[in-house]
Amino acid sequence: MSEFYKRWATVYDRLARLPGLRSWRASAVDALGLSPGDTVAEMGCGTGANVPELRERVGPTGQVVGLDITREMLRAARRHPDRTGPSVDYLRADATRPPVRNVDAVLGTFVAGLFPDPAAVVDAWCDCVVPGGRVALLNFQRSDAVPLNLAFEGFVRLSAPGARLSTDSHADAFERRVAAARRRLTERTVDRRYETFGGGFLGLVSGTVPGGDRQ
Ligand SMILES: C[S@@+](CC[C@H](N)C(=O)[O-])C[C@H]1O[C@@H](n2cnc3c(N)ncnc32)[C@H](O)[C@@H]1O
């Protein structure tokens, strides 16, 4: 998978910054309920398209940790002045075993459908958040509108490694993995929110890890 993103890092960076995505990314960041001074980890941060927003929310006393397995994606992230700075760290690491602890929030945008065992990954993400902290997952999904479903299939084919080799519907498998991630987030959190955008083409699920008095 890392090989796939290594080849596509530059193209991906352009797609990730499409103006239409900006407000949806901002909504995902909103769902984390960040305050100045917080530490937030973004899993599979890619080229850092969410980082300007995250950086702004935690302020100069907070910390954004962008974690990704693909060196080229992180390299592309570091090229943007608004995605770097003293309050931003990038780590090359496996998000299925995140090397972070006691963060105030975790964000995963367009990644939950990539993991073979998404429930275990969401468990690992919830485990590294302090009680009272939030976790948010933003993903493309099928919608009631047929053209958007075609767009969904296209997105999965372009973004998920191996799509062209698959005989059954790659999009079905992708959707099952996203559903498994959302289910586990629902089991692990309270004060949950589910929002959709773009005619139902994007879904945002977020929740608070129980305990603590942050909220
Ligand atoms: C579709 S991109 C999403 C990037 C970013 N979250 C965004 O919203 O633009 C998926 C990213 O997940 C990363 N990734 C895939 N598997 C990973 C893993 N096990 N650990 C960390 N990053 C991973 C890829 O390198 C890629 O940058």
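A residue counts as buried here when its relative accessible area is under 20%. By that cut-off, 53% of the 215 residues in this protein are buried. The model is a predicted one.

Start with the overall layout. The protein has seven helices and seven strands. From the N terminus, the elements run α-α-β-α-β-α-β-β-α-β-α-α-β-β.

Now look inside. In soluble globular proteins, nonpolar side chains tend to be buried together. The largest nonpolar core here holds 26 residues. Within this core, Leu32, Leu34, Val40 and Leu54 touch the most other members. Several elements each supply at least two of the core residues. The helices that do so are α2 (19–30), α3 (51–58) and α4 (71–78). The strands are β3 (88–92), β4 (103–109), β5 (129–140) and β7 (202–208). A second, separate core has 25 residues, including Ala112, Phe115, Trp125 and Val135.

Beyond residues up to four places away in sequence, Leu34 touches Val29, Val40, Leu54, Arg57, Val58 and Ala105.

Helix α5 (residues 118–127) is worth a separate stop. Eight of its 10 residues are buried, so the helix is largely enclosed by the rest of the structure. The buried residues are Pro118, Ala119, Val121, Val122, Asp123, Ala124, Trp125 and Cys126. They pack against β1 (39–43), β4, β5 and α7 (170–188). Trp125 also belongs to the second core.

Next comes the ligand. It is surrounded by 21 residues, and the closest are Tyr12, Gly44, Asp68, Thr70 and Thr109. By class, this shell has 13 nonpolar, four polar and four charged residues. Helix α1 (residues 2–16) gives the largest share of the shell, three residues.

A polar side-chain atom of Arg25 lies 2.8 Å from a ligand oxygen. An N or O atom in the side chain of Asp94 is 2.8 Å from a ligand nitrogen. For Thr109, an N or O atom of the side chain is 2.5 Å from a ligand oxygen. Taken alone, the ligand exposes 600 Å², and the protein buries 97% of that.

Arg25 leads back to helix α1. Ala16 lies in this helix. Its relative accessibility is 3%, so Ala16 counts as buried. Leaving aside neighbours within four places in sequence, Ala16 is in contact with Leu21, Arg25, Thr47 and Ala49. The C-alpha atoms of Ala16 and Asn50 are 9.2 Å apart, although 34 residues separate them along the chain.

Most residues other than glycine have a negative phi. Asn102 is not a glycine, yet its phi is positive, at about 55 degrees. Phe110 also has a positive phi, near 60 degrees. Asn102 sits in the loop between β3 and β4, and Phe110 in the loop between β4 and α5. Are these residues buried or exposed? Asn102 is exposed because its relative accessible area, 58%, is over the 50% cut-off. Phe110 is buried, because its relative accessibility is 10%.

Note on methods. Residues are numbered from 1 along each chain as its sequence is written. This is a predicted model: local features need pLDDT of at least 70, side-chain atom pairs count only at pLDDT 80 or more; totals for chains, interfaces and linings use all residues. Side-chain values use heavy atoms; hydrogens and water are left out. A nonpolar core is a set of buried Ala, Val, Leu, Ile, Met, Phe, Trp, Tyr and Cys residues joined through side-chain atoms within 4.5 Å. Buried means under 20% relative accessible area, exposed over 50%, partly exposed in between (1.4 Å probe, protein chains only). Helices (H or I, at least four residues) and strands (E, at least two) are DSSP runs, numbered from the N terminus. Contact means heavy atoms within 4.5 Å. A residue is near a molecule or strand if one of its heavy atoms lies within 4 Å of it. A polar contact is a pair of N or O atoms within 3.5 Å; within protein, one must be able to donate a hydrogen and the other to accept it, and residues adjacent in sequence count only if both atoms are side-chain atoms. Accessible areas come from the Shrake-Rupley method with a 1.4 Å probe; for residues, only the protein chains shown count as cover. Ala, Val, Leu, Ile, Met, Phe, Trp, Tyr, Cys and Pro count as nonpolar, Asp, Glu, Lys and Arg as charged, and the others, Gly among them, as polar.
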